[in-house]
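Hi everyone, thanks for coming. Please have a look at the structure on the screen, and I'll walk you through a few parts of it.

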Amino acid sequence: MTTKLPHRTTPRLAALSLLALMLGGCNMVVLHPSGDIASQQADLVRTATYLMLLIIVPVIALTLLFAWRYRAKAQAAYTPDWDHSTRLELVIWGAPLLIIIALGAVTWISTHKLDPFRPLERIDAQRPLPADHKPLVVQVVALDWKWLFIYPEQGVATVNELAAPVDRPIRFHISSSTVMNTFYVPALAGMIYAMPGMESQLHAVINQPGEYQGLSANYSGDGFSYMRFKFHGLSDADFNAWVERNRSEGKGQVLNRETYLKLEQPSEREPVRRFGQVEAKLFDAVVGRCVDSAKMCMHQMMAIDAAGGGGKGGIAGVTQRSWRDGERTAVASLCTATNLYGQADPLRDIATAQP
């Protein structure tokens, strides 16, 4: 014998099934990350949520209670002359004030403690950072629409693939080639802006081996949706093997200024690429916006401006450089006593040069 469900039950079951399907796609990595910085940020989110629920839950409960108690058919007391209650005023204003003070104190402490520019003080909640630790340095460049990772100490670079040893502090130096993006690995730490002509930093550590998703969370054009990468948390031995793999597969592939200028051209769905060698000071040139050696670096322009500027003669110091499908005006590099050919050097200080 077949039991037929009531007519009203079918839509309810359909709605519950749809809700379960939608929640099944949720990824709770933000609240259950694998890196200590992200874990502390998750604790801050939970603490703030619990504090706010201390007000939200009673308000919702009292709203339902009042709606029931003072409904049309109820026989509740009618007191039209009532206008004040000191105790009620203290509860209404005192409780939220205390919660705001608590939230402010927690946020103030955590904001300074989790400052992305601040070096780490621990590996996780149980292990302090060893005094002789050496962080892994990774230089990150947001391109259109892909990610470039440079390992200056290892002398290798990759596109759309990042790796780091478990329990080793990482110091990221982050910049962008053209527009603003955000560097974000939810399992590792919060998102950090990547901006052209500027360098951001992030100190973080991954505490569990695995493969994690990385992405940009700031819209930057047509290929933004595919601007994703894999982040691998590896043991020390596996990380060394990963570095050797990059050197082997990237043998003959040199990331220099010429290669970078080709790489920064817009492209979507870029596969993983490996470079076995990296030109020194390339990241500094990216930040200074002078990878093209015919352009003047930003810090050189600022040094000239600080010395009084180039005057009318500075108008002649511009050049037309190719850009995407056309040209754009750029400030040309200058010849000096230490730079006879005007080649842009991101670390050269020309503050004393006469314009």
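Let me start with one term: pLDDT is the predictor's confidence in each residue, on a scale from 0 to 100. We need that here, since this is a predicted model. For the protein chain the mean pLDDT is 85, and 81% of the residues reach 70 or more. Please be careful with residues 347-355, though, where the pLDDT is below 50. In the model, that stretch still has 20 contacts beyond near neighbours in sequence.

Now the overall picture. What does the secondary structure of the protein chain come to? You can find seven helices and 15 strands. The chain has 355 residues, and 37% of them count as buried. Its accessible surface is about 21600 Å², with 60% of that belonging to carbon and sulfur atoms. As for contacts between residues at least 6 apart in sequence, 67% join residues at least 24 apart.

Next, let's look at a pair of helices. Two packed helices are described by the angle between their axes and the distance between the axes. Our pair is α2, residues 36-69, and α3, residues 86-113. Their axes come within 10 Å and cross at roughly 175 degrees. Angles over 145 degrees count as roughly antiparallel, so that is the word for how α2 and α3 lie to each other: roughly antiparallel. Which residues make the contact? On the α2 side they include Leu44, Leu51 and Ile55, and on the α3 side Ile99, Leu103 and Val106 are among them. Sorted by class, this contact has twelve nonpolar, three polar and one charged residues.

Let's finish with two single residues. Ser220 is in the loop that runs between β9 (210-215) and β10 (228-234). Is Ser220 buried or exposed? Its relative accessible area is 12%, so Ser220 is buried, given that the cut-off for buried is under 20%. Apart from neighbours within four places in sequence, Ser220 touches Trp145, Val179, Met180, Asn181 and Met227. Take Asn181: it is 39 residues away from Ser220 along the chain, yet the C-alpha atoms of the two are separated by 6.5 Å.

The other residue is His232, and you'll find it in strand β10. With a relative accessible area of 15%, His232 is buried. Which residues is His232 in contact with, leaving aside neighbours within four places in sequence? The list is Glu161, Leu162, Ala163, Ala164, Gly210 and Glu211.

Methods: Residues are numbered from 1 along each chain as its sequence is written. This is a predicted model: local features need pLDDT of at least 70, side-chain atom pairs count only at pLDDT 80 or more; totals for chains, interfaces and linings use all residues. Side-chain values use heavy atoms; hydrogens and water are left out. Axes are lines fitted to C-alpha atoms, for helices over the stretch in contact, and angles run from 0 to 180 degrees between N-to-C directions. Helices (H or I, at least four residues) and strands (E, at least two) are DSSP runs, numbered from the N terminus. Angles under 35 degrees count as roughly parallel, over 145 as roughly antiparallel, 65 to 115 as roughly perpendicular and the rest as oblique. Contact means heavy atoms within 4.5 Å. Ala, Val, Leu, Ile, Met, Phe, Trp, Tyr, Cys and Pro count as nonpolar, Asp, Glu, Lys and Arg as charged, and the others, Gly among them, as polar. Buried means under 20% relative accessible area, exposed over 50%, partly exposed in between (1.4 Å probe, protein chains only). Accessible areas come from the Shrake-Rupley method with a 1.4 Å probe; for residues, only the protein chains shown count as cover.
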